[in-house]
Amino acid sequence: MNILIFLLITVIIYLSYSIFIKLTKEPILYEKFYFGKYKFENIADVIEKDMGYIDYLLNNQEKELEFDLRYSINYYLQEITPVYRFEIGKYKGLTPNEIANQGDINYLRWAYHNMRMSKGLKEEIEKIAHLR
């Protein structure tokens with residue numbers, strides 16, 4: 001009887017250990033941010049409304065982004081088309097397309113050369129204002 005109990009305990013420990021190993025090797029897909037500016041907001045929603053923040057997280061050289069969070073952001077980026085918006089200035093909250101539709105291409109050119117902005121926003125302006 002003792003041998004059966006020993007074997008049962010050994011099998012349970014082995015299975016628990018192998019499940020634990022599997023769980024720690026696979027990245028965790030987060031749905032929400034659990035820190036910072038958008039704490040408890042869905043990652044997908046933040047991608048749609050503030051790509052500048054997402055670019056900052058992915059490209060910040062000062063602080064390493066946690067592996068599972070980087071995995072989660074990249075996962076949602078495959079499913080969602082990012083929308084780049086101006087975060088400051090007279091067109092705060094508007095996309096480069098919306099500014100161009102208002103006829104202010106010169107503002108886009110000025111912003112491109114004079115404002116700090118995410119790489120994605122800069123690329124959007126390049127396409128619209130035919131820069132480079």
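By a nonpolar core I mean a set of buried Ala, Val, Leu, Ile, Met, Phe, Trp, Tyr and Cys residues joined through side-chain atoms within 4.5 Å. Buried stands for under 20% relative accessible area, exposed for over 50%, and partly exposed for what lies in between, with a 1.4 Å probe and protein chains only. This is a predicted model, in which local features need pLDDT of at least 70 and side-chain atom pairs count only at pLDDT 80 or more, while totals for chains, interfaces and linings use all residues. Residues are numbered from 1 along each chain as its sequence is written, and side-chain values use heavy atoms, leaving out hydrogens and water.

The largest nonpolar core has 30 residues, of which Phe33, Ile54, Ile73 and Phe86 touch the most other members. At least two residues of this core come from each of α2, α3 (51-59), α4 (67-79), α5, α6 and α7; helices here are DSSP runs of H or I with at least four residues, strands are E runs of at least two, and both are numbered from the N terminus. Helix α3 gives the largest share, five residues.

Which residues does isoleucine 73 contact, leaving aside its neighbours within four places in sequence? They are Phe33, Ile43, Ile47, Ile54, Leu57, Leu58 and Leu65, where contact means heavy atoms within 4.5 Å.

Now to α6. In this helix, residues 105-114, Tyr107, Leu108, Ala111 and Tyr112 are the buried ones. They lie on the same side of α6 because their arc around the axis is only 135 degrees, taken from the directions from the helix axis to the C-beta atoms. Asn106 and His113, on the other side of α6, are exposed.

Finally, phenylalanine 40 sits in the loop between α1 (2-25) and α2 (43-49). Its phi is positive, about 70 degrees, although it is not a glycine.
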